[in-house]
Amino acid sequence: MAEHEHEHEHRRLERTRSTSRSFMGFGRAIGVFTSGGDSQGMNAAVRAVVRMGMTCGAKVFLIHEGYQGMVDGGENIKEAAWDSVSGILQLGGTVIGSARCKDFRQREGRLKAACNLVTHGITNICAIGGDGSLTGANLFREEWPSLLEELVQNDKITKEQQIKHSHLNIVGLVGSIDNDFCGTDMTIGADSALHRIVDCVDAISTTAVSHQRAFVLEVMGRHCGYLALVTGLACGADWIFIPEHPPGDDWEEKMCQRLNNARMWGNRLNVIIVSEGAIDCHGKPITSQQVKDAICRKLDIDTRITVLGHVQRGGSPSAFDRILGTRMGAEAVLALLEATPDTPAYVVSLDGNQAVRVPLMECVKKTQEVQKAMDNLDFDRAAKLRGRTFQGNLEIYKKLGAMSKAQSDSCKSSNPFNIAVMNVGAPAAGMNAAVRSAVRTCLYNGYNALAVHNGYEGLANDMVEEFCWTNVSHWESLGGSNLGTKRTLPSQCGIDKIAEVIKKRKIHGIICIGGFEAYQGAIELEEARSTFVDLHIPIVLLAATISNNVPGSDMSIGCDTGLNAVCETCDRIKMSASGTKRRTFVLETMGGYCGYLATMSGLAAGADAAYIFEEKFTIKDLQMNINHLRNKMRGRIQRGLVLRNEKANENFSTDFIHRLYSEEGKNVFDCRVNVLGHMQQGGVPSPFDRNYATKSAAKAAFWTMEKIANGNTDGVVKCTGHNTVCLLGMKRRQMVFQPVHDLKEETDFKHRIPNTQWWMQLRPLLRIMAHYSDDTAVYETEIV
């Protein structure tokens, strides 16, 4: 995707300012449909297409039952109103239906579909589905002129209609739980499917431990192993089977040896994840039954099979899929309305944290090349074609799977080098998964792993313990911080004491997992190097905080779990309001001065407003929002949701906003307030946070070991450069090690936030989806 020029998403949204957006789609009509297998998040995309289209002045038509509805016409094609898509954001599946359509595969069927579209004046189509559905849409577009010509000849449409509707624009959104479409980092529905799978694995693990069983879990993925791969990483599976990385002829022996080793190290269960499309190195299928039979035959372990099936498609979409569907749907409308007859059919993809447009058929051809590569048994090429995200997951799995240096139950090593792992700051879901990954990566490679309890304060007080393999068993699914974590900075607990413990314990490297305090502490330790030579060791930070306020990383471990917690609470609160009409809820979220949680949960839950510190607001803004809600309550949807970040404004507190809304909304709506508090920090980590933590910690451990090796002279490690105290963070497209020294210029230390934050560009979308129709409907943003 790098070869294509993609503008920043907020720049495209800026084009829809109230002075021009109502004319952008004037006289034009957009049709949106879902096709193929359903996936969670499709409704969010449909909602966004309808509301962005109407905001731009276009008519939007809902085409029910996919291509079949397009062919049949009639009541299957209905013009949407703003309220037509209210209350669907949190629903799984697709409310407009999806169906396989044999008729559309024939030209006669496509003729009927074209006639129905022309009758409604629709020349812009947003297709939501898999590669087959999108390929069909592109064929329809290419045939459009000849279809219209034939319709004129058959007197189905007039010559004037043919001229007026001479060109069909197509934009695709990929909805698939398999995440099997090349050209996008994530497809709509994949994250939600992972939520279902990981929940099942967690539930099964408890019963497996009780009876010391092995469980073989079969997940979807007929041609793509993404779900199995990420589940394996997120749940600490002992073995996975995926089509892109098939095992050799001796897979039964190697798998059983791995399972037996895990038992010897103290595990009471084994988990094996099998993709439904799993094959061996010769391309022959590997079934769950084969895996079970091998385990029973070679190890005599009580083994059960669980086929998860369509439960993976069901349930409410995750916060990620709601936001992804919303962003892609909005971008699709802009792409359609900006299209010309020379514009190719596009698919809206996720590239890092940007929604971008990529030529559809390039992605389709690349996706088809994957299957060709696997048919030719060229599995390395198949994995490469899957894209950066898939490759990164596979590389970490291969490295962890290839390591076999763990020595025994105690995991003692003859290697003299020790790497310490610690948590700092407030607890965040995923911290334990990161510690587990870091400890085991160190042990696998022959390094000693030291666990530091209670952060920098614990390090200063020598609360250090040597960890072995079994110390971190099953930590990947646990929330909070098992090591304990405190906000105390090195300067507060004594840098001299920390240096003394580092010398005493012979610590040669530190992996620090935490929030803003971890970042500040690392800066203090680096600045103290000139005084304390024992601090001349590599130090790497992993951002872990629900606030997502650490400079140098677009995402922090724990923020996805926190976001889902807020989103689920919003869903329940909105549900409670369904029985009590005309009620507005004011919710306070955590985050300190960072408005990430309030903004993103507002976008995912369909909030009417989200007040944050980074975007200043006045009493006039509050009054305008109240007027907006008063007008809304007179319509069909009689409930409101307002979010406020805990430090959005020192004067306009949550209580003040509640009282103001209550007073000004009298006789129209009443108001309730909820402070969500520490429930946002609790709960088991989401699949994203587990996977992100596992990959990040493994990368951090490899980096630390490399720095130790490079800085080692006769057993003494000396690292003094700025590049030896780094933060490992996600920056748009990749994971990057950044010196904390360089990040200081990017930091607002007073408010503990980065100077610039990528998610601010999504603020306009929150306002647009809430139906604000004045000049403030889109906040002013800097065009980059």
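Glutamate E65 is partly exposed, because its relative accessible area is 35%; buried means under 20% relative accessible area, exposed over 50%, and partly exposed in between, with a 1.4 Å probe and protein chains only. This is a predicted model, in which local features need pLDDT of at least 70 and side-chain atom pairs count only at pLDDT 80 or more, whereas totals for chains, interfaces and linings use all residues. Residues are numbered from 1 along each chain as its sequence is written, and side-chain values use heavy atoms, with hydrogens and water left out.

E65 lies in the loop between strand 2 (59-63) and helix 4 (66-72); helices (H or I, at least four residues) and strands (E, at least two) are DSSP runs, numbered from the N terminus. The phi of E65 is near 60°, a positive value in a residue other than glycine. Most residues other than glycine have a negative phi. D155 also has a phi near 60°, again positive in a residue other than glycine. The loop that holds D155 runs between helix 6 (131-153) and helix 7 (159-164). With a relative accessible area of 69%, D155 is exposed.

Helix 5 (residues 107-119) packs with helix 6 at an angle of about 80°, and their axes are 9 Å apart. Axes here are lines fitted to C-alpha atoms, for helices over the stretch in contact, and angles run from 0 to 180 degrees between N-to-C directions. Helix 5 and helix 6 are therefore roughly perpendicular to each other; angles under 35 degrees count as roughly parallel, over 145 as roughly antiparallel, 65 to 115 as roughly perpendicular and the rest as oblique. Contact means heavy atoms within 4.5 Å. Residues of helix 5 including R107, R110 and L111 meet residues of helix 6 including L139, F140 and E143. The residues of this contact between helix 5 and helix 6 comprise twelve nonpolar, one polar and four charged. In this division Ala, Val, Leu, Ile, Met, Phe, Trp, Tyr, Cys and Pro count as nonpolar, Asp, Glu, Lys and Arg as charged, and the others, Gly among them, as polar.

On the side of helix 6 the contact is made by D131, L134, T135 and N138, and on the side of helix 13 by L360, M361, V364 and T367. By class, the contact of helix 6 with helix 13 has four nonpolar, three polar and one charged residues.

Helix 8 (residues 190-211) and helix 9 (residues 226-235) form a further pair, with axes that come within 10 Å and cross at roughly 50°. Helix 8 and helix 9 are therefore oblique to each other, and their crossing is right-handed. Among the contact residues are A190, A193, L194 and I197 of helix 8, together with Y226, L227, V230 and T231 of helix 9. The contact of helix 8 with helix 9 has eleven nonpolar residues, one polar residue and no charged residues.

Attention now turns to strand 12 (residues 418-424), which contains N423. N423 is buried, with a relative accessible area of 0%. Leaving aside neighbours within four places in sequence, the residues in contact with N423 include M431, V435, N454 and I513.

Helix 16 (residues 431-444) has 14 residues, which should span 20 Å at 1.5 Å a residue, and its end C-alpha atoms are 20 Å apart, which agrees; the expected span is 1.5 Å times one less than the number of residues. Because 14 of the 14 residues of helix 16 are buried, this helix is largely enclosed by the rest of the structure. Just after helix 16, G446 takes a positive phi of about 85°.

K506 is found in the loop between helix 19 (495-505) and strand 15 (507-514). At 56% relative accessibility, K506 counts as exposed. K506 and N418 are 88 residues apart in sequence, yet 6.6 Å apart in space, C-alpha to C-alpha.

Technical notes: Left-handed = near helix turned anticlockwise from the far one by under 90°.
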